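Please keep the sequence and the model at hand while reading.

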Amino acid sequence: MDDLNCKGEVVDQTLRELDVINKWLGGDNISIRAVQELLDNVDQPITFLDLGCGGGDILIALAKWGRKHHKQIQFIGIDANPAIVAYARSNCKDYPEISFRCINIFDQEFATLQCDILHCCLFTHHFTSEELSKLLGQFRQQASLKVIINDLHRHTLAYHSIKWLTKLFSKSPMVQHDAALSVARGFLKSELQDLLKGAQIDQYRLAWRWAFRWELIY
């Protein structure tokens, strides 16, 4: 998935399977509950930026919640791969409150974007520590309310479990390869704390969530 030029059925199949995996293992619910908690008593219009949006499935779940609770939320999914953005637009076609933009987050175009909530799910582990420390500080400047990061806890049990699960149930070579690699690129608690310190962020909430996830809100 790090190849910004990958396209075709392999990408579509991977995005479909990732949606199932994230729902089944409860990963999506971490982000959804965090947003619901933040916006429960908020009535003003909200702009929600989702980085590395994939197929947009979390945005669909949040849009459904927003409609049910009469929230005015504009969702914008960001991805640097045009094939993923095309899939997401098709996947979310019934939700006019969701839009997508094909942008690389290292481009100046992204740096000028402002929002109320900036969200990353399974996105931050794709970057080096140096890149991420800078990005964490930049995200804080871009989001007027909160930054929500939902990413992987690097753990031996998680690594071998996801290798076993994807070998048994996945039909996507990309999922079979990338799932375990993503866990290997995940974070220890001390590493996230060091990144936050490097970004001069001292007010945050960092919590472990099932299954082998970190929820970071600042």
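The model described here is predicted. In soluble globular proteins, nonpolar side chains tend to be buried together. In this model, the largest nonpolar core is made up of 30 residues, and those with the most contacts inside it are L49, L51, F110, L118, L136, F139 and Y218. Two or more residues of this core come from each of the elements β1 (46-51), β2 (73-79), β4 (115-121), α6 (129-142), β5 (143-152), α9 (189-198) and β7 (213-217), and the largest share, four residues, is that of α6. Taking L49 as an example, and leaving aside residues up to four places away in sequence, L49 touches I76, I78, F110, L113, C115, I117, L118 and H119. There is also a second, separate core, which has 26 residues, including V42, F75, F100 and C121.

L38 belongs to helix α2, which spans residues 27-39, and with a relative accessibility of 27% L38 counts as partly exposed. Not counting residues up to four places away in sequence, L38 is in contact with I117, K146 and I148. Of these, K146 is 108 residues from L38 in sequence, yet the C-alpha to C-alpha distance between L38 and K146 is 8.4 Å.

The second largest pocket holds about 200 Å³ of space, and its lining consists of R16, E17, V20, I21, W24, L25, I162, L165, T166, F169 and S170. Both α1 (9-24) and α7 (156-169) supply at least two residues of this lining, with α1 giving the most, five residues. Sorted by class, the lining of the second largest pocket has seven nonpolar, two polar and two charged residues.

| C6 | C102 | 12 Å | 11% |

A disulfide requires a pair of cysteine sulfur atoms within 2.5 Å, and the nearest cysteine sulfur to that of C6 is 12 Å away, so C6 is in no disulfide.

Notes: Residues numbered from 1 in each chain as written. Predicted model: local features only at pLDDT ≥ 70, side-chain atom pairs only at ≥ 80, totals over all residues. Heavy atoms only, no water. Core = buried A, V, L, I, M, F, W, Y, C linked by side-chain atoms within 4.5 Å. Buried < 20%, exposed > 50% of the residue type's maximum accessible area, 1.4 Å probe, protein only. Contact = heavy atoms within 4.5 Å. 1 Å grid on protein atoms, 1.4 Å probe; cavity = no way out; pocket = protein on both sides within 12 Å on 5 of 7 lines; lining within 4 Å. Points joined across faces, edges and corners; volume = space filled by probe spheres on them. Nonpolar A, V, L, I, M, F, W, Y, C, P; charged D, E, K, R; others polar.
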